[in-house]
Each structure stands twice: as structure tokens, then as C-alpha cells.
Amino acid sequence: MTTVPRWFSEQHGPGGGNGGSLLLRRLDATELDHLTLLVRESAQNSWDARIGDGPVDFRIELRTLGPAEAPAWRALLERDAPTPAHLPLRASLHRSAPRMLMVTDLGTKGLGGPTRADEVSEEASDFVAFVRNVGDSQDAEGRGGTYGAGRVVFHLASAAHTVLVHTRCRIGKRIETRLIGWALHERYTTETVLGPRSFTGRHYWGEVRDRGDQTGVSYVEPLTGEAADTVARELGLHPFPDDATGTTVAIVDPDFGSRTAAEAMRWIADAMVWNLWPKMLPGADGKPPLRLSVVHDGTTVPVSDPAAVPHLGPFVHAFRSMDRTIEHRSLGRVLGTFGLKPLISPFGEPPEPAREAGIVGRVHHACLMRPVDLVVKYLEGPAPTDEAMGYAAVFRADSAMDRVFAASEPATHDDWLVEKLSGDEYRLAGWAMREIKREMKDAAAPRAQGVESGDGVSLARMSRLMSGLMVGAAGQGGAAVFGSPDGIRQPGERSGTAPAGSMAKGPSDTTVNRSGRRGARVRHLDDPFPDIFEGRPVVVQRFQLPDSGPYEVKAVLGVTLGGGGREDSPPEGAAVPEVMGWTSDAGDFATTRTLQAEGGDGKVWSLLVRPAPDTVMQVTLEAGFREVSA
């Protein structure tokens, strides 16, 4: 390899220009945590770069460099590095265990186009837009980002304000790999061989070249091809799969503040769920459009299923059941779609990224999103006076309104500031926000609270009855257990062999029907959760029948009265749980005690059970083959 990468600091030209510190301060003013901001902005960039309708793989990985890797890493990145007064890179390189946080996307087009900002081309200028022209706004339909400043978030997350950009893209009919380093810091003035000179605070690492136009001005080009691949391997960056395109942004010496590395990676995984969940839901093909993963030194950090997160699941249900169109009739414009789900408040506190978003304890919020289905914010509404009650709502702006709402966003895309708009845009966006708030006010009104079930179980009491008491019970086909004031098991205690908070599956997750034929597996999709059905509190268990064929599904309900084993036949006069019905994501509904359904069709079914007060309830799902007459 003949190309030797080194650092080059950008001087101010005769026309001046913005310094790197201005770009950093533009994002640093946000109240969002830097790691949350990193997740939101980087995922949005990756989604905007997707290829066609295919899925995007998005991964954030923390790597600690070992003793064999660190010397080569330091040697490559220290060459001609700015002095510590002008960039805190050298201190980061000499930490005892240097780290890098890699943000990678695949299924994206990479950073193609020209590599120089002064070149005019009809190609998409993705490399120039990402690396050179940071801060320029973008106004492309269907893109989440509009300001361009979001790319600075990578530097904000680095104690050295330094990143490496490793990308593979298509240039015409060939595939090219590119590698460049890039740092942002304060502008400064210093002595050079030509006298005092003013520098922008932008520093680039790569192949230093002269412009070749008699000006004597130099600039930095990325390493390309074999040179880029070789240096990337020496730096510890993962190679791209064969013929795949995409981008890795490696953040040098990530700044986690007071968190440990493990705490930071857990925060990142939770921030993904709370900010990217609409993209995590399966599409028409049964697969999520955005596939997320988090890795900490080779160990996978779990990313939760949004529908199974107690405080987030109701938003998922509201999203799936958006049934109201909000429009401005006098202007003849559709503004967006809306859905709202009343709920019994989940027990306990949500994870920190949710509390950062304003969801503390109770849920009484509307999730706002643009048509790209990325969360803008959780708008807090009035809380119901019944402390056990809440609601989750979702508003998705219509595609024709995307530019209007985008124009109302700050650089961090985490709010809709309608007052920034004027004219019809102000009227349209303002009307949408008023309608959303009116819907939340109606949901919090007293007439929507304190609903009593037929045997006198109020929603408030049901919340206390079920708060956090989902503990497993071993049984055929899986069992859900709920506690009551007379039979309380606190979180962390166990029933049978299953851990608290889980759905227990039987040893084989199968049953045997009366004819002796082996039954179908019941695939439980998440833990049971409290909900409201036709004004009554219910417990919902979502499941699928993965094997094809006609089946009969039966819910076997049992109770205990405060301490013993299962009682399928409670004492005379005692309240018993009741099957309220069965629903599917395809709109099916049945009120029978047993469900007749076809397996293997991908449908997601929900069993609705009304619990009995003052009991511990067990629910076992059994599925057997159903005889079909010729």
C-alpha cells in the first residue's frame, strides 16, 4: 500500500465559513441525551439511505481494542494529528483500553457520488452531503432528515469529537470502498511557516492532495479500494459482506458520561425500542423493515419486542388500530390518521429513555410521527383523575403534510413547533395539534373512567389486582397467572418453575387431544397484559398457531383463593374468570369459549379473559386438531 493516511486541518478561506464548534453547539443545545440523539439521528440517516423496499439492518456495536490491536490503531490515527489544544484526539488514543462505537447499516446505498464538494455532478452526492457539507438542509420527500446537522451527532458522542467513515457504494457499475476520518472542534488561530493562520476546527484524515489549480491549497480525499479495505482491517473495522453496500461510522472514544459501558449499551437498546418501534413491527411480508441489533464486545444486548414492553405496548396497539382521519375541512386537507387506546396503567416505571421522553409512571400520551414512521415525540395529555387509568394515542401525519410538519421541527427532529409556521401551514398543523389534544382530553374525561364490570370489579381495583403480578406457572400449552389482593405474589417470586414476568411454556409446548392425535403448538408472542374491552377490564394473551391445519383452541381457566394449588372448580358462589372472546389482527372476532381457527396462516390471535376478583388466575391454552367432515 503506497497511500499513507494522515491528518490535515482545514484553514479558513478568503470567504470565511462556519467553524466546527458552531455545528456541535447546534445539537448540544437539545435536552435529549446524547445516546438517544445518536440512535434517533443515525437510524434516520440509515433509513433515508435504504435501497428500494428491502429491509435495513442497523447495528450499534461497542468494541474495546485489545493489546494487539491498539498499537496499530494509535500509529494510524496519530500521524500528523492536531495538537491537544486543537483536538482532544491524542488523549483518547492513549487510554489504557481504547474503544470505538460502530454504527453500521446494510441494505443501504452507502456514501456514493463525488468526493469533492466543488465538483458538479448529476449523481447523488451522498458522500459530500455527509462528510463535506454538514449543516446543509435537505428537502427530499420521504426522508426523515431535513437539516443535515444530525450527522454531527456522531462527533457529539465522541470524547475526541472524531469519527471514521467506512462505506461501500456503487460508482457506475462497480463497487467502491471508501474510508476517511473526520473531526470537529473549536476554530483557532496558530503560527505556521507562512505566518499566523485561522483554522475552521474541521480536521480530515485520509490521503492529502493538492487541488491542482495553482492555489497551493490542499484537501483530503478518502482512501479507496484495496487501500481502504487494508487500513479498515488494521483499525478493527468489520469488512462488508460480498457485494453488499452500506456504511459504518466508527466513533472514536465514545463518551458515556457517568454510565458504565454496559449501562450505555442497555440505554442504546432501550432508546432504539422507544424511538424506532414503528419500524420494528412486521410489515405485510411478516418481516420488520428495520432490523436492529446491539453488541457489546461480542455479546448481544437484547432489543425488546415493542409490543411486549408494558408501557409501550399500548402505543403499538393504537398504531395498529388507527381508525380516525383528522382533516381540515375548510381547507380541504387530510392532516393524518389517529388511533387511541384506553388502558389500565402498567405497573412500575418504564426504562430511562422512556422517562426522558416524558413517560413517567402513568401513560397518558400521544406518539407523534411523520409518514416515515419514526417517533418525533410523546406528547403528554391530561391525566385521568382515576389514578389507575391511562391512554396511549398515535398520530401519523399524512404524506401530503410531511413537508409542513418537517418545517416545524428543530434540528434534532424531536418536536413540532407549530409557531414556527405561518399562513395555511400554521393553520393546518395547528388544527392537527388541537384535534390531537381534544381527543386526549376526551379520553381523560370522567365519563371514560371508573367503568365497573358486572361483578363489581372497578378499573382502579383491577389495576391494583394485576399490577406487576404476572408470574409463570408450568402447564400444557403455556399458562398466565395473575394475583389479587388476597393472593399476592410480588415481582421476583416464583410459581412452579417459570421466572417472574414470563409466560411459562410446557415442556414440549404441545398438547394431546382426546382422539390421541398430537396437538398444535401454541406460540405465545408476549406476556399477558391488562386492557379494556367493551368498557370492561380484561387480560389479553396474544398467540399464533404456526402449523397448518384446522384447530380448536381452548382456554382452560383455573383459580386459587390465596395460597394453594390450582382450582378448576372454585367453591360455590365464588367468582370465576371468564373468556370474553377471541380477536385476530385480520379483524376476526368470536365470543365462543373455544376458538375454531386455521393454523399456519400467520394470523395473530388474542384471547380476552375477564379475571375474577380476589383470586390468582391461571390460563392454559390448549390446541387440538379439529375434525373436518368431507
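Biologist: Hi! What should I know before I start looking around?

Modeller: Keep in mind that this is a predicted model. The chain has 630 residues, and 54% of them are buried.

Biologist: How many helices and strands are there in the chain?

Modeller: You will find 13 helices and 28 strands.

Biologist: And what share of the contacts join residues at least 24 apart?

Modeller: That share is 70%, taken among contacts between residues at least 6 apart in sequence.

Biologist: What about the accessible surface of the chain?

Modeller: The total is about 27,100 Å², and carbon and sulfur atoms account for 48% of that.

Biologist: Let's zoom in. Which residues of helix H7 are buried?

Modeller: H7 covers residues 225-235, and its buried residues are Ala227, Ala228, Thr230, Val231, Ala232 and Leu235.

Biologist: What do the buried residues of H7 pack against?

Modeller: One partner is a helix, H3 (70-78). The others are strands: S3 (99-106), S4 (162-171), S5 (174-184), S7 (195-210) and S9 (223-224).

Biologist: What comes just after H7?

Modeller: Gly236 sits there, with a positive phi of about 90°.

Biologist: New topic: where is Ala117?

Modeller: Ala117 lies in the loop that runs between S3 and helix H5 (126-132).

Biologist: Which residues does Ala117 touch?

Modeller: Leaving out residues up to four places away in sequence, Ala117 touches Val128, Arg132 and Asn133. Ala117 and Ala129 are 12 residues apart in sequence, with 8.3 Å between their C-alpha atoms.

Biologist: Now the cysteines. How many disulfides are there?

Modeller: The count is 0 disulfides.

Biologist: Are Cys169 and Cys367 buried or exposed?

Modeller: Cys169 counts as buried because its relative accessibility is 1%. Cys367 is buried too, with a relative accessible area of 0%. The cut-off for buried is under 20%.

Biologist: What lines the largest cavity?

Modeller: There are 14 lining residues, and those nearest the centre are Arg40, Gln44, Leu374, Val375 and His413. Helix H2 (34-48), helix H8 (261-280) and strand S16 (375-380) each give two or more residues to the lining. H2 has the largest share, with 3 residues.

Biologist: How does that lining of the largest cavity divide by class?

Modeller: It has 5 nonpolar, 5 polar and 4 charged residues.

Biologist: One last thing: what is the volume of the second largest pocket?

Modeller: It is about 910 Å³. The second largest pocket is lined by 30 residues, with His317, Arg320, Arg542, Asp585 and Val604 closest to its centre.

Biologist: Which elements give two or more residues to that lining?

Modeller: They are helix H9 (313-320) and the strands S21 (529-533), S22 (536-544), S24 (578-584) and S27 (605-610). By class, the lining of the second largest pocket has 15 nonpolar, 9 polar and 6 charged residues.

Definitions and conventions: Residues numbered from 1 in each chain as written. Predicted model: local features only at pLDDT ≥ 70, side-chain atom pairs only at ≥ 80, totals over all residues. Heavy atoms only, no water. Helix = DSSP H or I, 4+ residues; strand = E, 2+ residues; numbered from the N terminus. Buried < 20%, exposed > 50% of the residue type's maximum accessible area, 1.4 Å probe, protein only. Contact = heavy atoms within 4.5 Å. Areas by Shrake-Rupley, 256 points an atom, 1.4 Å probe, with all protein chains shown as cover. 1 Å grid on protein atoms, 1.4 Å probe; cavity = no way out; pocket = protein on both sides within 12 Å on 5 of 7 lines; lining within 4 Å. Points joined across faces, edges and corners; volume = space filled by probe spheres on them. Nonpolar A, V, L, I, M, F, W, Y, C, P; charged D, E, K, R; others polar. Disulfide = S-S within 2.5 Å.
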